[in-house]
Amino acid sequence: SSLRPVGLAARWGAMGVQPSRCASSSAVMLSSLGCSLALGAAQLSSSPLQGRVAFSGAAGTDDAGGKPDAGAARRLAARSVALHVKVAACEVRSRSCRGAVCLPRRHRHLSHSSTCEEQRPRRRFRPPSAFAERAGLEKEARRQLTNKHKIRSPRLHTVPVSIINASLPGSDFRSHGLGLKPVLLRGGPLSQPWDEGRLLQACGSRTKILAMRPQSSFDADANTTKSSAWAALQVLGRMPLGELFARWRGGDPLYGFELDVKCHCPELLDDIPVPRPLAGDLLQRYAPDAFPWPSLIVAPSGSRSGVHLDAGLWPFWIALMGGRKVFRIVGLEDVRKHLQRFFGADPPGGEAMLEDLDLFDDEHPPTELLQTVVYEAHMEPGDVLFCPAGCAHTARNLETPTSLAAANYVTVHDLAFARSHCRRSKQREQSYHCRHLELAAEAAAAAGEAVEEEVQQRQRLLVPYSEAFGRGALCSRLAKKCPKVAQACGAAAASEGSRSQSLPSGHPAT
């Protein structure tokens, strides 16, 4: 080493500093200075009390008596040792060209690394795998930190639909919000459930129903997407009811839509409960042959329909006849005010949405949906759900089969809104609905208030469909169009005739 251990030892001898022992580890680290220098550095740098140092008489005296000045000798020794220890440390680290900067400018000549100031420090070599591993760890740490402190999007909260006891008087039914918000009627008499056997027996296995594929099972190569189909359902065409049930067993969750119960399954009409206020439905009373209502809708467990608006924005009712079903509903006011991005400024109804919207997505709802009121109804067999005009709705089926009877309705209270919407709408699809609505309204005007009085005189809140709208009117309007209706009406007439003949005279048939 350039520190010249011999000369350093001479200086130590002049100061009278003699180490009492030697540490081999320090000697290895600073072998260029010798074991004695390493031991002195360790002792004087850590704790002066641990250093075993003897001062001779020649190492520093005062001017008066020539006595040794122990304090001056100690300070001189400490200063010298500290300087040379610093030099030694810089020499040991000189390979990385950082040693020369440790020394003051006046002592840099003690270091042999004269070119260190001009050289750049070498960087430690790391293989590419080490960089990749470190980058991965840093990325994971940032992700965990972000997940810990990020602001989570608010969840979608739903409002349960008001449930009305079926034993309430019919006059109190509208006071619970019928026509203003969704209402669920529960507790009425439950007929035989509409399971697969019941439907095949009443309708026939060859009766064709409109088959539609739900959004969850679109084919990968299909051109129809969720946003380009009404209710996110792909129309497949008419399919026999027995084949539809067979497709379910094969794992194909197809929907069954628009099977006219009046025409194809008249035996089931007595099972459908109709509340007393809806017995004045103009469409069912004066245009039963114009619309396939009430319609049979069947679906397997796990299937669902997309969010949609019914044609004409007409209100609707649904009677669940088997299985379980969950509905989510948004009112027309919220649709027009907050959901224009999905439905448009003035939606006519019966059309595909502009953008996809999932009312069942509670974790990541769009901001517009959080500003609305989303109603939720859990339906059980025998429940009847009523939705006012213009409700956007979607449903999820929980059992196989989930079967229901559904119909749009327009009463005297809903006629003004339906007519104004027809005047605003320019869609060709709406012309059929609007034309038959006007015919029904004219017939209702000719009948006067007789129908309304008849509805108010009924005592029961729920009555069978055939009783609510009159079996005679159905037979006269549908006998020519539907052969099964003609057969059922003929059998009913024969039964009534035999019953009236069996009654004693003076007791009219009621």
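Predicted model: local features only at pLDDT ≥ 70, side-chain atom pairs only at ≥ 80, totals over all residues.
View A. Cys387 is buried, with a relative accessible area of 0%.

**View B. The disulfide of Cys203 and Cys265.** The S to S distance is 2.0 Å, and the torsion about the S-S bond is about 120°, so this disulfide is right-handed. The pair links distant parts of the chain, 62 residues apart, with Cys203 in helix 6 (residues 196-203) and Cys265 in the loop between helix 8 (261-264) and strand 7 (273-275). Cys203 counts as buried at 1% relative accessibility, and Cys265 is likewise buried, at 0%.

**View C. The disulfide of Cys422 and Cys434.** The two sulfur atoms are 2.1 Å apart, and the link is left-handed, with -95° about the S-S bond. Cys422 belongs to helix 13 (residues 415-424) and Cys434 to helix 14 (residues 428-447), 12 residues apart. Cys422 is buried at 17% relative accessibility, as is Cys434 with a relative accessible area of 12%.

**View D. The disulfide of Cys475 and Cys489.** Here the S to S distance is 1.8 Å, and a value of -90° about the S-S bond makes the link left-handed. Because Cys475 lies in helix 17 (residues 471-478) and Cys489 in helix 18 (residues 483-502), the pair ties together parts that are 14 residues apart in sequence. Cys475 counts as buried at 16% relative accessibility, and Cys489 counts as buried at 16%.

Technical notes: Residues numbered from 1 in each chain as written. Heavy atoms only, no water. Disulfide = S-S within 2.5 Å. Helix = DSSP H or I, 4+ residues; strand = E, 2+ residues; numbered from the N terminus. Buried < 20%, exposed > 50% of the residue type's maximum accessible area, 1.4 Å probe, protein only.
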